[in-house]
Structures are given as C-alpha cells and as structure tokens.
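Please read the following report alongside the sequence and the model, which are shown first.

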Amino acid sequence: MKLSTNPFVLLGLVVLAVLFGRVIPAWTLSLATVAASKALVALGIVVLARTGNVSFGQGLFFAAGGYGVALIANEWGLTDAVAQVLIGAVCGGLLGLVIGPLIARYTGIFFGMLTLALSMVLYGALVKTTVLGGSDGFNVGRPTLFGAVFNDPREADFMLYAVSVVATGLAGVFATILFKSQFGLTSLAVRENNLRVEYLGTSANRIVSINFMIAAVFAGASGALSLMAQRHIDPEFAYWTTSGDFVFIAVLAGSQSVAAVFVAALALELVRSFSNLYLPNTWQLVLGLFLLAVILFLPRGIGSLWAGRRRKVSEPPAEPAAAGKGAAS
Amino acid sequence: MTPVLSVRGLQKRFGAVVAADNVSIDIPASQKLCLIGANGAGKTTFVNMVTGYLKPDSGAIELDGSPIGRRSPRDVARLGISRSFQIPQLFIELTAAENLTVAVSSAEGGRLSATASADSGDRRDKAVALLDRFGLAGHADRPVAELAGGVRKLVDIAMALARRPKLLLLDEPTSGVSAEEKFATMDRVIHAVSEEAATIVFVEHDMDIVSKYADRVVAFYNGRILADGEPSIVLKDNEVRRYVTGGAR
C-alpha cells in the first residue's frame, strides 16, 4: 500500500495536525477550524461528484445537522462536542437517507437544481418558523468536551480546532479508503456510464443514493462544528450562498484527491481573510479571480497537481503472439 | 427440453414503424444464433427487448421458462442474460482492468465493499483473467480511452461475460473492425465464450462470418422474421437474398 493512502499514516497526520494547533498563532486557529469544517462538507460534495452528480444544496444537510444539534443542546443540555458532531452527522444522514433515493434517479443539472431547490425550501421554512427564531435564529451554549468546560478562549478555540480537525481528518481517511474500494470504483463507473452499470446488474441509483447519504452525513457533522464555533444558528445555514461556498471549495479541489479538499478549503479561507483585510471593498473580486485562475490553469482542480499524473499515458503493449493478427483496428 | 430463451408473438411499434411484428423464436442451450437483416429490420430492437431496455407492446419473453418481458435491464442481467453493444459501452476514463473489476464485482453480487481495495485481490485477478481470455492482459492497466476500437469491442464483450451468463447477446461484435481482422476478432470471441458454454445470439452483417460461426440464422425484414434455419439454407433463401443479403451470395 502506498504511504500516501495508508490509513495509519493518515491517522498519524491527523494527530500531527491537531498538535500543530498548539504552536500556530491564535488567529490562524479559528481560520483553520472554519477551513476544516467547510472542507468536511466539500469532501461530501467530492464523494458525490465521483458519481457524476453535484449537489448545489448541501446547506440543507448542513442546516439539518446544525439545527438538530442546537435543538437537542437547548432542550436536553447536551453540550459535549463529540456527541454534537455525531448527532449532527446522524441528523444529516437521516435526511440524506430519505432524500437520496428520491433524487438519485435524476442526473446532471436536474440533480443539482433539485438539491438547490430542496435547500431553499428548508431555508424558507426556517425563516417562517418563529419557534426556531425565524430569520434571527437562536443561540446555544458553549460546548464542552468529555465533561471539561473551556473558559479560557484560547483553550476553547483549540478544543474546537481539535474536534474539527479530528472529525474532518477521520472523514478524510474514510474517503481515501472509499475512493480506492470496489464501491468507489463502481461509483466512478456510474459517472462514466450509468446505463452500462445497470446492464452489468448493479443499481446505479443505489450507488448514487449511498454516496449522497455519505455527503449528507459529512454536511450534518460540519453543521454541528459550525454551530459550536458560532454558538448561534440561523436559516443562513441552508441559504444557497452557503451551499455555493462548499461547491466553490469542491471545484477548487477537483475530485481526484482527498488531501486537495483540505488544501482548497485552507487556501480559500486564507485568500478570503487576506483579501478581506487588505481589499475590504473588492475581496469578492479577488476570490473570483482566484477561482478563475484555478479553473484556467488547473481545470481538474488543485488535486491534479499531484493526483492527476497517476493516469499517465502508457506505452501500448505488443499484441499477444497467440492472438494472431489481433483485433485492434 | 425447455429452450434457454423463448420469445412468443413479440410486437413493438415506434409510431408508424413496426420494429417487431409477431416475432417468435426458441433458442436451445449452447446454440450460436445469428440475427441478420438490413438496418432498421428490427435486430437491435429484438436485443433491446430481450435485455429489458425496451418493453414489448405485446408478446412474451421467457428465460428458462420464467417470464422476463417486463423486467429491467438490471434484473435481466441478474437472471442470466448479458449483452455487448454495437458501440462499446465502457467506463472510458478507467483502465481495462478496472472496467472488468466493476463487471466482476457486479457479477459476484452481495454488497460492494467500501473497504476492500479495487486495485488488488480476488476480483482484480478475475478481471485480468477475463481480459487474458481475450488476449488482452497486456492492456489491463491502460485507460480504455487509449485503446483501439477493436480492443474496446473485446473489452465490452469480456464485461458481458463476467456474469457467466446463460445467454449472451452480441450486437455486431465485428462492426468497426477492419475486414481482415474480423475473423481474428470472432475467433477470439468464440474461443473466450466457449469456456462458458453460453448460448450466443449475435447480430452480424458479414455473411462470411455468419456462415462460419452461426449454427442457426434468423433473418429479419421490417420487424418480422423472414427466414429461420441453418445458415446454408437461410442464406440461399430467395427472400433473404432479395431483402437482406442483396443477392450477393
């Protein structure tokens, strides 16, 4: 097994990334937390994109995870960060389980638009639901970790960073294994030719549904992470610009490498932060130019810098002697 | 003995076009049956109906005595009918071995593992072995997009064979292959398929190929069966010469 895809090496990298949080400046800690959280949703989009479908509405599951956790936290006083991430993942996953099979029969732009429409339906419903705070949303308490309360802001930030990196890192390890698996290969086959997959006896819709659910689980968990970071939730979680942000990262990353998703999320947050700081009136323009540059020079995403060379053109082998003249035309 | 495939009174219309007009065929086990006919005669429509892609307007299709006429292509494949395509239907960005691994994974049923690597192990070995039966093991790690048309055709057929079907339908296995390579291609196909003892139905336009490889020929014209029997008899039939082979033989 290659070192770069060995799960134990990857887990080691996750631990290193957590420890790294102890030495980096405070302002980068919250930036990295946000990047890790967004990368988790984008990773789900990449998982789904490997079946040839892009979701423009991951905000739906992001909000489902966030609201689910927020309601449980306020109702039952559950503040443990790990439990909240798990609950967020379950909320997103359950919604994905319901929507996935319904939406899997659509492809291309219809699939994308339906996901967008569903997320905006939730947004509309949340804005009108006064018991959930309407468009203002509501606040939640400070998260804890295994009973420990973090009153020092630096320690609280580090705890959030650690939970975000571990959650996203574990999802990354899972995605790395998934991409190399038989299921992952069949997912690519669905993207290439879903009718042939059906003719081989496998349900292409089922493959899409499962990938859709995985993406929903990731988005739900990320919703919980964002909730913990902001300690506030509102319908913006489901708004289309939130979903667009995740697609932005996925486009930057491309669908060939898990690591690229983290690099893209971090790069995007860095560009956003610095352009916001130095060009407060035109920072969106800088972001747009950044995306354009990546599309222009790396049309298959940042991941193509290292993963794209895997499928280099090989020398054609000689026709086997036993095959006579061969069938190549 | 129950035929592997039994088709009774198959009807299919596309508007004013009659694609299948009371088509009835029984195909016994291990037969190599060839469908001939001009373009639009109804050969591919027949293949599409048998494999579940098109639903017949009326009539019955039975596999080993069980009706399959309303089943989906996926169900039909699981029940034991596989097909290859006139234009190879492959996963173009994947390698030949990966294409076959998808086919083998699908054929072995059960849950697709989310943890077992697709690059190694039993299924990959079976995939390469299948390629080897067609003399294509040397192409295993090349993306299909790089392969020549004739090789893609064989990869397509190899994928159809992964499920070890009872009935294998080959839609024009030598189309797009140069004249001098057609026999070599068919030899490879027949050799590879013979190990499975599968019943074969193939669509073909080259009458030399038909004469050499078919046990039985069914000639289609305007959606109906014009003649059905041994190649030596059918190919000499006056109507077949007039409407299908153009009196070339």
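## The sheet of chain B

Six strands of chain B form an open sheet with mixed pairing, in the order β6-β7-β8-β3-β9-β10, where two strands count as paired if DSSP finds at least two bridges between them. Helices (H or I, at least four residues) and strands (E, at least two) are DSSP runs numbered from the N terminus. At the edges lie β6 (81-84) and β10 (224-229) of chain B, each of which pairs on one side only, and the twist from one strand to the next averages 20°. This is a predicted model, in which local features need pLDDT of at least 70 and side-chain atom pairs count only at pLDDT 80 or more, while totals for chains, interfaces and linings use all residues. Residues are numbered from 1 along each chain as its sequence is written, and chains are lettered from A and ligands numbered from 1 in the order in which they are written.

Strands of a sheet pair through backbone hydrogen bonds, either parallel or antiparallel. Strand β7 (residues 167-171) of chain B runs parallel to strand β8 (residues 199-203) of chain B over five bridges, and B:L169 stands opposite B:V201 in β8(B). Helix α1 (residues 43-50) of chain B packs on the sheet, where it touches β3 (32-36), β6, β7, β8 and β9 (216-221) of chain B, and its direction makes about 145° with that of β7(B); axes are lines fitted to C-alpha atoms, for helices over the stretch in contact, and angles run from 0 to 180 degrees between N-to-C directions.

## The contact between the chains

Chain B gives 49 residues to the contact and chain A gives 35 residues, with two residues taken to be in contact if their C-beta atoms, placed from the backbone, lie within 7 Å. On the side of chain B that touches chain A, the elements giving two or more residues are α2 (73-79), α3 (96-107), α5 (149-161) and α6 (182-194) of chain B, and the largest share, seven residues, comes from α3(B).

## Two positive phi angles

A:R231, in the loop between α8 (204-230) and β4 (232-233) of chain A, has a positive phi of about 55° although it is not a glycine. A:R231 is partly exposed, with 13 other C-beta atoms within 10 Å; a residue is buried if 20 or more other C-beta atoms, placed from the backbone, lie within 10 Å of its own, exposed if 12 or fewer, and partly exposed in between.

B:E172 is likewise not a glycine and has a positive phi of about 50°. B:E172 lies in the loop between β7 and α6 of chain B and is buried, because 21 other C-beta atoms lie within 10 Å.
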